[in-house]
Amino acid sequence: MEPTLSPAGYAALTILLLPLAAAVVALACPCRDPERTANRSIGAIALGFILSLGLFFFAGDKAIETNFNWLSVGDLKVSFGLLLDPLSKLMLLVVTGVGLMIHIYSRGYLHGDRSYSRYFASLSLFTFSMLGIVLANNLFMMFVFWELVGVSSYLLIGFWFEKNSAADAAKKAFLTNRVGDFGFILGIILTWAALGSVNFTELASAVELGGRLADKAAGFSVLAEPLGKIFQSTNWWLVHPNVLVTLVGLLLFMGAMGKSAQFPLHVWLPDAMEGPTPVSALIHAATMVAAGVFMLCRIFFLLDIPGSHALEFIAWIGGFTALLAALMALQQNDIKRILAYSTLSQLGYMVMAVGLHSPQSAMFHLTTHAAFKALLFLGAGSVILACHHEQNIWKMGGLRDAMPRTWWTFRWGTLALCGVWPFAGFFSKDAILAAALDPAHRNIPLFVLGVFVAGLTTFYMSRLVLVAFCGNARSEEASHAHESPGVMTWPLVVLAVPTLLAGAVGIDAYLAKALPSEHAPHNEGFLNNLFAPFNHNILAAGFGLLAVVAGYKLARALYTNAGRDPLPDKLGVLAKMARDRFYFDELYEWFISVTQETLAKVADWFDRWIIAGLLVRGTHGTTELFGRALRLVQTGSLQTYAFLFAAGVVLVLAWQLLLQSPAH
Amino acid sequence: MSLLSSIFLLPLVAALVVLCIPRNYKFVIRLVTLGATLASMLLALALFAKYNAAPVENGFKFVEKHAWVNVSALKLDIGWHLGVDGINLGLIVMGAIVAFAAACVSREITRLEKEYYTLLLVMTGGILGAFASLNLFFFYFFHELALVPTFIMIGVWGHGENRNYATFKITIYLSLGALIALAGLIALYIQSGANTFDIVELTKAVKARPLPLAAQSLIFPLLLFGFGILVSLWPFHTWAPLGYGAAPTATAMLHAGVLKKFGLYGLLRVGIPLMPDGATAWLEILAFLCLGNIVYCGLVAMRQKDLNLLIGNSSVAHMGFIFLGIASLSIVGVTGAVVVMVAHGFLAALTFGLSGALREKTGTLEMEKLGGLLRQIPFLGAALVMAMLAGCGLPGFANFVGEAMVLFGSWRAFPLVTTLATWGALIIGAVYMLRAVRNILHGPEKSEWAALKDASAWAKVPFVLLLAALLLLGVWPRLLTDKIQPSVAAILTMANTKTADKAARPGDVKKAADEAKQRAVQPR
């Protein structure tokens, strides 16, 4: 099939390939002037941003698909396909827009680093892969770019690979992601085996077709036989279509668990902060970790097949991650780690929203979160640079006067993250809380959990702001801190705009075009949107704001002008556990060492001593012994031969005469 | 000489030329070798470009056929018969490229160059000849022609104190494997009753009159395990890491990359299409044995401290995917297996080439002694990172395409094995590959390696070539798959033809009934 490219398809292809071209040029001809590499990367993503804006406003809401035949063998047909629908167009804007700011910021942040061009090449490679996930129109292509995102994250976390901690963190991130990908690819294989396609549109129509038949999970019953083979049984619970659909949903969710760092695969994200701060902002806050949530929204129809219980599981995993990460954030002292745990927690919110049958509020929160979390990370980077690479908030203090521009933007970001009206975060978080109260899928425990986590969020973010920015300087570096250059602060200012405004411009209404939703929100103009949450569900908005007030009051009482953290004295062992991340890393290390490492040791021992030793050397040894024994016989002496010959004759005669005779 | 035969006769002629050059003219010897392998590579690429997937009689193109020995009294018919289809086309091109790369990295050899280059050229010609031959006699003869130089090269130019034991072990193992396979081939010749070694004629004869089931179930295991030993099928694999660890770089590249694929090719070309009924029972066992390769050898690789042993074990592990794809007997799986055969050839050559370059520069491959090298040797380091990532199945490299196809294709036939193989592919592979990168390239710079120099421009050529091949096929897999698919389909048609006495077995009747029932239940 020859691809027919519409102008929109051309634009999408250009957006995708520009960063790749920048990366390839940077790698293939490393030019002497690293600034030029940076400019090429920035230019590529800037052009992409402009084209994305064009697509967003002028391409219409109809889904446009472009297919190039990439692989077609038997019934496995994979196209290199681009899908432009409201979902991917919004995500394009997020990735290129936030990405552009971070590219510009990086130019200042990494100025003078000896691997400047390698940095920008990797950043462009990442942008390419991320855009690939966004534009992919089938599961296989998504997996391809999924892996590429994983590897670019590996390269960027390990950017300063001379540091042992950075090299270890990179490896850990890649391997943890691979555990998720293991489930993801199995889920893709099962989906393909059941429904016969990997293309989203075809899968959706297959699911819908199944929906019109009596048995709604019809296609998935094909999986019953092979799965029965695995478990050597034909138990009803394995063959039951609901179980099969749920299983496939959960396997696909495993991919999101890895990329979006959901419990129990959350351990890599805090360590990933070893990378340069703009990388943390782009990859580990705004875009890559959001890929999991994006993927869940993309395949929502597969998770939502009637009979599937995958969404309930997803909701609880998300809620639990949100709570766990918020608790861990309470006792961190590294400014980037606090933000990393808050990212985990917010991703938990998004995943929970998907689980609560509300993918559009997940995407809404993803969008606003991308803006304000990138802002917070870049602000943290500005602080870190000003304090000469000091990351401990207890060695900062008083920065509000020294760094005015960083201060007010960081404060805006914090307000948005806490969910203060009228900042963007309020609206998206409110949408999630409201989803928990939605009568169709009401989940009161998760609503309470969401409100509680909102309070925790305000508490730890207020702690961060009060300790790092207010009060007096606690170290030499902090007292000499001064504002960062314009190349770094202007992106902060630009990002502050969506941080304030993105909540009420009608993103949720736009998303409703692409995603299923029971009560599609309407765009009623900016001013009306500002008050819509209170009209829609006053309970969610009220409790959300209450939690913010409570969290802030508590933090202010504890941390105003505090010299040290008073919380460990008050909470005791709980505080220590929170600081030590509830010992998950240690637990995993122990688990891996008793399972995989032991298996490897056993296999190695078996290989060395049984197969190569006992069997192979044994065979060789026996053969050789046999040969040596036979060699003794061949003496070359005629007398011996004659003697042996005679002895043989005697033996045969004796056998014949003595042993055979009693038979008579 | 026509295109196909000149690809492998050129290196053999060059070997004769090298023999005539005085041993002091080292530069000329090297030039002749490089020229011959380069020319053969270019010819192979031309062959690839000219090949189209349009169907022809018997499925083979570029056919060359001459009578050679035909003694009717002895019922002996050995003819010169060459040809390519989608399956051996990729292997020949890959082999020719790897051979050129191997000739390039042979600069490390500093003694007895004349003998070395002669053997290298003979090995190259033998490998390519074996893949091009459509007559079992030459098929086997050319393989032996390539195998014998392997042993000599490891023994004479090998590395490490284990060299002699390694030579000894690899010789015995591979000779044994080849002998078992030979027994199988001779039995096949006799049982078919067609009095010909010609694969095309044999195929026709078997199509007309299938071999009796008893003969099939005796001959197929001979071929399976004979060829299996040559491919380091678990548990007959221990020669491979040891042998490759001791071999000179070029020999390891050529053997692990190209010659090892001979067994797989033989299985696919001869074993499965000619003895489909013998195969069905044994392929189930093969599927479980290949877990020994993928999972077990992967775990063993995790424990290695020497880079070459790690690569050797990982190369054994990758063979498992090919076996799994073949065992699945599905078009997706077998096509994927052929893609992995080609991709792994490039990858094995790349990794052994890089480890050779590393050993030449540092004198050691103990990973604990190395560390922080990426800053000193950015090119070799980056190439090694790419090779390692390709080895753990990163999209963009050809290995991913092949392995993914194998996993997709074998799910229906062997769900449990596929699940475990996915674990091996995604997690175990990544663990040891990244561990190697972490220990060798990452980490603080060490003072003893401060003076290390990166590869010179000429030394980069083979690595760039191999990486480019991996990337090209990874980004544009249809370049290969469109050519492979029709040939695989032809083989699978034969493999899935049920003979009369098979259907008569009670177990199969029951299975067929079950399948019919299953189909009735399925809505689609």
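Predicted model: local features only at pLDDT ≥ 70, side-chain atom pairs only at ≥ 80, totals over all residues.
Let's start with A:His388, which is exposed because 12 other C-beta atoms lie within 10 Å.

Residues count from 1 along each chain as its sequence is written, and chains are lettered from A, ligands numbered from 1, in the order written.

Back to A:His388. Where is it? It sits in the loop between helix 17 (359-386) and helix 18 (399-402) of chain A. Helices (H or I, at least four residues) and strands (E, at least two) are DSSP runs, numbered from the N terminus. A:His388 is not a glycine, yet its phi is positive, about 55 degrees. Most residues other than glycine have a negative phi, and most peptide bonds are trans.

B:Phe62 is no glycine either, and its phi is positive at about 55 degrees. This one belongs to strand 1 (residues 61-71) of chain B. B:Phe62 has 18 other C-beta atoms within 10 Å, so it is partly exposed.

Now the peptide bonds. Which residues does a cis bond join? One joins A:Phe263 to A:Pro264, with omega about 5 degrees. A:Pro264 is in the loop between helix 10 (241-259) and helix 11 (268-271) of chain A. Another cis bond links A:Trp421 and A:Pro422, again with omega about 5 degrees. Look for A:Pro422 in the loop between helix 19 (404-418) and helix 20 (424-437) of chain A.

Step back to chain A as a whole. It has 31 helices and two strands. Its C-alpha atoms fill a box of roughly 120 × 70 × 55 Å along the principal axes. Of its 664 residues, 56% are buried. Take the contacts in chain A with a separation of 6 or more: 80% of them are between residues 24 or more positions apart. A contact here means two C-beta atoms, placed from the backbone, within 7 Å.

What about those strands? Strand 1 and strand 2 of chain A pair in the antiparallel sense, over nine bridges. To count as paired, DSSP must find at least two bridges between them. A:Thr66 faces A:Leu82 of strand 2. Two residues lie between the strands of this hairpin, and A:Gly74 has a positive phi there, near 55 degrees. Is strand 2 (residues 76-84) of chain A mostly covered or mostly open? Mostly covered: eight of its nine residues are buried.

Next, the two chains together. How many residues does each give to the contact? Chain A gives 44 and chain B gives 46. On the side of chain A, the elements giving two or more residues are strand 1 (64-73), helix 5 (139-157), helix 6 (164-195), helix 8 (224-231) and helix 30 (596-633). Helix 6 of chain A gives the most, with 14 residues.

One last stop, in chain B. B:Glu161 is in the loop between helix 5 (136-157) and helix 6 (163-192) of chain B. B:Glu161 is exposed because it has 8 C-beta neighbours inside 10 Å. Its C-alpha atom is 35 Å from that of B:Trp423, and 262 residues separate the two along the chain.

Definitions and conventions:
Buried ≥ 20, exposed ≤ 12 C-beta atoms within 10 Å, placed from the backbone.
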